Amino acid sequence: DIQQEGEVTVDQLYSTGEGYRTALNGVYQAMGRPALYGREFSFGLVDCMSQQYDLANESFSNDLYIKASEFKYNDVSLVDFIDNIWTSGFKVIANTNDLIQNIEKTSPELFEEGEMERNLIMGEAYACRALMHFDLLRLFAPAPSTNPGDRKFIPYVNTYPSYISNPKTVNECLELIAKDLIDAKQLLWKYDSAGSFSRSNNFELAGSGEKISLIRFHLNYWAATALLARVYLYAQKEDEALEQAKEVMNFASQKGAFSLADRFYYGDRKCYSDVIFGLHVIDLLDYNKDIMSMENENNVKYLAVLEADKNYFGEDLEISKGDNGTIMTSNDYRFKYWIEDMNNEHYSYRLTKYDASTSGATAGVMEVSDHIVPFIRMSEVYYIAAEILCKRGAEGLTKAKSYLSYIKGRRGLKKTDMTLQKIENAQPDEFMDLLINDMRREWIGEGQTYFIYKRLNKNIPNAN
């Protein structure tokens, strides 16, 4: 056998600790491709399914997205597109299984930092496997709230190679996802529990060592904990979800980590200081331009957020008259910086979250903001706790209100703004409406809105 130049065999790859780090980085890179979190699981297909965009807008002509928004899953062209998402997801899972099976039988002595580094890599691999299975389950199987029972939908693959993978029930998959995350937490605990998780240490600068730096671009302990809270909430296990959310909240409070801060002035378009885990996608700006481009007047195309004034920010907008017609403004940073009112028409608001950094940004901010896909934020941890507590009597509702008010305040809203005033006297059902509305604002372009309605078994606004 002749080995081609640049080719690395599995035995060679896993003969050194550096090889395991390379394999793990390969998993993250695969997750960041357009078929997964580089586009379709973030601002692409899944957000189209959430009815987020005005796909009839003349500045947009992606037939696949239009069909997805109409739920024409059996359309010939869309079938191939969705199949590619399925295949890409299970390729990621296959690579994590290969890594896990090899590292489980590898001595810690192979790694420069011994047992700690081995556990770190293995823990992240478990978490990646859980994450990928969870989003494939959310996309391709019904939610637990619909009582799917003993019907089987997707396999949970934990061996490599896997030639025959039998589908499992939704509950079976969720149990295995939770187990992987629990195992990941146990492996990641000793390293990730001690750090401050400040923005500068974990995104913009190297951490304690080049090999394990920039930890918030990896599925660290706190990301695994927040993800486990998301999984338990989806599985309708509210006590367990609240326990995981509180663990993250307590750490954030004690260490000053994951702060919700306004850094738009510094060019930070994504507000990444409160991102607990995000993927570093090198070609993200190009993936964005493939479907959204404002390069010149002959090549203008964009995804437009549908009636953002009515569907997202309506009650917190201030309306005034200007020389060119009605002007809408809001204290909400998400209205100011994540969408753009094209031609002052107040209907189709261009998604700007994935544009290049604003002028004047420092090199460090540009490197992060231009290439990060936010996966789980500290705001979601508060949302999870608020949703659970608002149903638990007056004391729980009061606490839930404080969490939602805190998020809104950190996103620029004032006590005089309408939704903050409404929170004060809201009953549980009214509070849930306010909570869902704020989730929609927060997750513009982040692929989570569709799953709000699927999890709660609610009709999606504007869906046909």
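The largest cavity of this predicted model has a volume of about 150 Å³. A cavity is a set of points, on a 1 Å grid over the protein atoms alone, where a 1.4 Å probe fits but cannot get out. Grid points are joined across faces, edges and corners, and a volume is the space filled by probe spheres set on the points. Lining residues have an atom within 4 Å of a point. Of the 15 residues that line the largest cavity, Arg138, Arg230, Glu380, Trp443 and Arg455 are the closest to its centre. The elements that give two or more residues to this lining are α6, α9 (221-234), α15 (378-389) and α19; helices (H or I, at least four residues) and strands (E, at least two) are DSSP runs, numbered from the N terminus. With four residues, α15 gives the most to the lining of the largest cavity. By class, that lining has nine nonpolar, one polar and five charged residues. Here Ala, Val, Leu, Ile, Met, Phe, Trp, Tyr, Cys and Pro count as nonpolar, Asp, Glu, Lys and Arg as charged, and the others, Gly among them, as polar.

The model is predicted: local features need pLDDT of at least 70, side-chain atom pairs count only at pLDDT 80 or more, and totals for chains, interfaces and linings use all residues. Residues are numbered from 1 along each chain as its sequence is written, and side-chain values use heavy atoms, with hydrogens and water left out.

The count of cavities of 30 Å³ or more comes to two. In the second largest cavity lies about 80 Å³ of space. Its lining has 13 residues, and Tyr37, Phe41, Pro374, Phe375 and Glu446 lie nearest its centre. Two or more residues of this lining come from each of α6 and β11 (372-377), and the largest share, three residues, comes from β11. The lining of the second largest cavity divides into seven nonpolar, three polar and three charged residues.

A pocket, by contrast, is an open set of points with protein on both sides within 12 Å along at least five of seven lines. The second largest pocket holds about 450 Å³ of space. It is lined by 20 residues, of which Met49, Tyr73, Leu139, Tyr450 and Lys454 are the closest to its centre. The elements giving two or more residues to this lining are α3 (45-49), α5 (76-103), α6 (114-140) and α19 (449-456). By class, the lining has 13 nonpolar, four polar and three charged residues.

Next come the helix pairs. Two packed helices are described by the angle between their axes and the distance between the axes. Axes are lines fitted to C-alpha atoms, for helices over the stretch in contact, and angles run from 0 to 180 degrees between N-to-C directions. Helix α2 (residues 17-31) and α5 pack at an angle of about 165°, with their axes 9 Å apart. The two are therefore roughly antiparallel to each other, a term for angles over 145 degrees. Tyr20, Ala23, Leu24, Val27, Ala30 and Met31 in α2 meet Val92, Asn95, Thr96, Leu99, Asn102 and Ile103 in α5, where contact means heavy atoms within 4.5 Å. This contact has nine nonpolar, three polar and no charged residues.

The axes of helix α17 (residues 418-425) and helix α18 (residues 428-442) come within 9 Å and cross at roughly 150°. These helices, α17 and α18, are therefore also roughly antiparallel to each other. Thr419, Lys422, Ile423 and Asn425 of α17 make the contact with Glu430, Phe431, Leu434 and Arg441 of α18. The contact of α17 with α18 comprises three nonpolar, two polar and three charged residues.

Key:
Parallel < 35°, antiparallel > 145°, perpendicular 65-115°, else oblique.
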